[in-house]
Amino acid sequence: MDDLVERFLAKDRRALARIISRVENETAEGREYLRALYPHSGKTHILGVTGGAGSGKSTLTGALAGAYRKREKTVGIVCVDPSSPFTKGAILGDRIRMQDLALDPGVYVRSMAGRGALGGLAPSISDVVVVMDAFGFDIVIIETIGAGQDEVEIAGTAMTTILVNNPGTGDDIQALKAGIIEIADVLVVNKADHPGADILVSQLQALLSLSPAGSRRPPILKTIATKGEGMDALISAVEDHHAHLQSSGTLAKHREDDARRQVLAIARQILLERIRESTPAPELEALVARVAERSLDPHTAAEELTAAVTG
Amino acid sequence: MSTTTAQIRVLIAKPGLDGHDRGAKVVARALRDGGCEVIYTGIRQTPEMIAEAALQEDVDVVGLSILSGAHLELFPRVVDELKKRDVNDVLLFCGGIIPEEDTEALKKLGFSAVFRPGTNTQDIVKFVYEHVKK
């Protein structure tokens with residue numbers, strides 16, 4: 001390893017950027033950096049901002065970061081945009097909405113491509129967040145790919161998940177559905193200067209009133225991110241949630257759940273790699289062909305495949 | 001993991017005050033279709049903003065688009081800001097309304113290519129893949 005870790009620990013942003021690339025590309029070198037930096041992580045409050053495409057996630061993230069800067073908090077931001085399933089290319093355009101922060105030495109913005117991961121995140125997002133956390137930002141904000149109804153993975157990585165809603169995007173049955181709305185710790189109605197904002201707020205309130213007694217009901221906040229309106233209330237809501245996480249012991253459980261999820265996900269990847277290494281391509285193709293022509297079922301085929309490495 | 005591989009990361013930026021970003025968007029789209037991860041920062045970027053974005057995003061390539069005629073004014077400042085930040089290993093190219101006679105000066109500044117209106121976007125993609133320092 002080179003002197004990058006030393007420079008990183010001395011708060012060199014170029015070293016931070018370089019290490020993130022290596023970690024993002026999941027190289028052996030990247031894993032070495034991660035090993036060195038992991039003990040320095042675990043101090044940052046990690047926020048997730050999710051919601052539909054065009055709901056204002058990037059603008060809200062920028063405005064929220066700006067409000068944190070006024071409180072002299074440093075902010076690291078990771079924004080994920082989708083990769084093409086065909087060419088693997090991507091347009092990462094979230095920085096456009098955060099121009100006010102472009103030259104602020106207390107803010108670092110990193111764009112990531114989804115690289116085929118499901119759930120609105122990127123394959124190495126957890127590792128990249130560890131690196132940002134280790135760098136010592138007070139707050140790390142993860143902005144997901146535009147999420148629909150079911151992209152709930154953000155709640156595993158972020159301690160506080162902000163779900164951005166917009167007026168005029170559906171009736172109260174949409175809000176009644178299972179899925180993404182259940183992971184929200186803070187509900188935001190962004191573009192609150194558009195018609196229908198108050199109706200959406202009352203629909204969300206009505207929905208939350210059906211939650212089981214004693215369960216925590218996420219606050220519902222109106223924001224106009226383009227004007228920075230509602231950010232102080234949003235920070236207060238995030239802080240309240242953080243205090244709740246600590247007092248209820250949920251934060252410790254969140255850390256454990258996240259650690260378990262990460263370890264199992266990595267173990268799954270390692271096993272898959274070993275299987276690929278231990279089974280020559282023609283052998284795998286022969287097995288696949290038998291399944292395709294129905295002379296073998298997929299479960300038996302998978303057992304044959306794994307027997308070689310689990311033996 | 002071999003399931004993800006390093007994609008080439010490109011910053012496409014427009015320094016200066018002209019608001020015509022059609023060309024920049026066409027190039028960004030062509031590079032996307034060519035398999036690059038393109039960070040697009042939009043119009044009216046200062047040299048400092050461009051260099052800072054290149055640093056934070058750890059890009060392999062920076063492409064500047066300009067139609068205002070201020071390239072010999074602004075591009076040296078972008079190069080200076082990059083150097084100031086120790087970002088000295090990126091592939092630089094530019095495009096837009098840039099007179100032929102300025103090509104030499106831009107090459108001396110470190111721009112490996114100057115693309116003008118009428119360029120086939122595939123040539124730009126090919127250029128990036130052939131010259132990127134990875």
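Guide: A residue is called buried if 20 or more other C-beta atoms lie within 10 Å of its own, exposed if 12 or fewer, and partly exposed in between, with C-beta atoms placed from the backbone. Helices (H or I, at least four residues) and strands (E, at least two) are DSSP runs, numbered from the N terminus. This is a predicted model, in which local features need pLDDT of at least 70 and side-chain atom pairs count only at pLDDT 80 or more, while totals for chains, interfaces and linings use all residues. Residues are numbered from 1 along each chain as its sequence is written, and chains are lettered from A and ligands numbered from 1 in the order in which they are written.

Visitor: Which residues of helix 5 (residues 121–131) of chain B are buried?

Guide: An α-helix has 3.6 residues a turn, so residues three or four places apart point the same way. In helix 5 of chain B, the buried residues are B:Ile124, B:Val125 and B:Val128. They lie on the same side of this helix because they cover an arc of only 100° around the axis, the arc being that of the directions from the helix axis to the C-beta atoms. On the face turned away from that buried side are the exposed residues B:Gln122, B:Asp123, B:Lys126 and B:Glu130.

Visitor: Against what do the buried residues of helix 5 of chain B pack?

Guide: They pack against strand 1 (9–13), helix 1, strand 3 (61–66) and strand 5 (111–115) of chain B. In strand 3 of chain B, six of six residues are buried. B:Val61, B:Gly63 and B:Ser65 point one way from this strand, and B:Val62, B:Leu64 and B:Ile66 point the other way.

Visitor: How many bridges join strand 3 of chain B to strand 4 (residues 91–96) of chain B?

Guide: Two strands pair if DSSP finds at least two bridges between them. Strand 3 and strand 4 of chain B run parallel and are joined by six bridges; B:Val62 stands opposite B:Leu92 of strand 4. Strand 1 of chain B also runs parallel to strand 3 of chain B, with four bridges, and B:Ile12 has B:Gly63 as its bridge partner.

Visitor: Which strand of chain A pairs with strand 2 of chain B?

Guide: Strand 3 (residues 90–92) of chain A pairs with strand 2 of chain B in the parallel sense, over three bridges. In this pairing, A:Ile91 stands opposite B:Val38.

Key:
Contact = placed C-beta atoms within 7 Å.
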